[in-house]
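Okay, thanks for coming, everyone. Have a look at the structure on the screen, and I'll talk you through it.

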Amino acid sequence: MADVIGTINYAHGPTDTAIMSLLGEVQLAKQTEIQRRASAVYGRERFYAGGEMRFFEPVKTNEQREALYGARRAVVAAYPIAYLRHRMTEMLRVIGFSGPTSWKPVYTSYVEFPTDAEGVQQQARSSRLQQLIAHWVTALASTRVFRPYWYLVLALVLLPVALVQRNRLAAILVASGVSLEAALFFMSFRLDFRANHWLIVSTMLGLVFVLHAHRERRRTHARAALAR
Amino acid sequence: MLAGTAALTSERFRVRLGGLALVWLACGMRETAWLAALPIIVGLFSSRTTQTRWRRVAFISRFGQRYSRPPPRASWLLIDNDYEYSDRYLEP
């Protein structure tokens, strides 16, 4: 859904008829002013197939899902530049480069919205220890610690450094994190901080290994100088 | 993935095999996780064959695309529900 709505949002002046022919069997909530309605919900995943302003009718059967999947392929093939612009926007959101209002990496409540507790018929509360941890984490939420793009930049700096150092483990770990992050360019569909966890873990470990190797090298040089 | 990476750095071949199994299990956690596993396996896992690195990359890429997902029973060890549908049905 995200790719269809995102691509239509960035497409250059498509008519309703042109879009409808690409969407095929997919059921839209309304079949007029399609691009304007796509732009209205773009980036607000809850409204893609839910609520008054929804773009799609809720998908229930596998046939409807297949139709949506086919529509995605058709829309992407028809508007490849718009698709890439949409994917870039999504990627910038996923790595936390977008504005602070849309970036909420820390969730400490049991459910996202109070009304959701009625649905699950349970209202869990955090323990005192969890509350303490949540307090610290929430305080850090708006800092760079929770902005994955810093880790991506750090990883891109660390990778050549690790290669120059011939630090195999550090290079492999950082390459692994960057590789998974690169896949998010095409595969991320919602704003999830957790999608960046492996990048953050692998980059920080890579940093430790690189710094350790640097320190060991300096020590070896110092010992060699003393021996002389 | 982290435990598998650590095991793959071992001198002992059996531990490395265990690491390979852990990385394979981790690949079931996300549809693109095999891309994260690729540099780890290519860089750290060396079998006792005389394969060149590029042959290993080619082999693991093909293997990863086809078998990157462990069977549902294996994923059940780490997550609390069996997946019945392909992810593409969830987010087309």
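When I say helix, I mean a DSSP run of H or I with at least four residues, and a strand is a run of E with at least two, both numbered from the N terminus. By that count, chain A has ten helices and zero strands. Before I go further, some housekeeping: this is a predicted model, where local features need pLDDT of at least 70, side-chain atom pairs count only at pLDDT 80 or more, and totals for chains, interfaces and linings use all residues. Residues are numbered from 1 along each chain as its sequence is written, while chains are lettered from A and ligands numbered from 1 in the order in which they are written.

So, confidence. The model scores ipTM 0.73 and pTM 0.77. Per residue we have pLDDT, the predictor's confidence from 0 to 100. Chain B averages 72 on that scale, and 50% of its residues score at least 70. A contact here is two residues with C-beta atoms, placed from the backbone, within 7 Å.

Back to chain A. The C-alpha atoms of chain A fill a box of roughly 85 × 45 × 30 Å along the principal axes. What about contacts in chain A with a separation of 6 or more? Residues 24 or more positions apart account for 67% of them.

Now burial: a residue is buried with 20 or more other C-beta atoms within 10 Å of its own, exposed with 12 or fewer, and partly exposed in between, again with C-beta atoms placed from the backbone. Of the 228 residues in chain A, 29% are buried.

Is helix α9 of chain A enclosed or open? Well, 14 of the 20 residues of α9(A) are buried, so the helix is largely enclosed by the rest of the structure. Helix α9(A) covers residues 168-187 and reaches 28 Å from first C-alpha to last, close to the expected 28 Å; that expectation is 1.5 Å times one less than the number of residues.

Last stop, T138(A), which sits in helix α7 (residues 128-140) of chain A. T138(A) counts as exposed because it has 12 C-beta neighbours inside 10 Å. Leaving aside neighbours within four places in sequence, T138(A) contacts V106(A) and T108(A). V106(A) is 32 residues away along the chain, with 6.4 Å between the C-alpha atoms.
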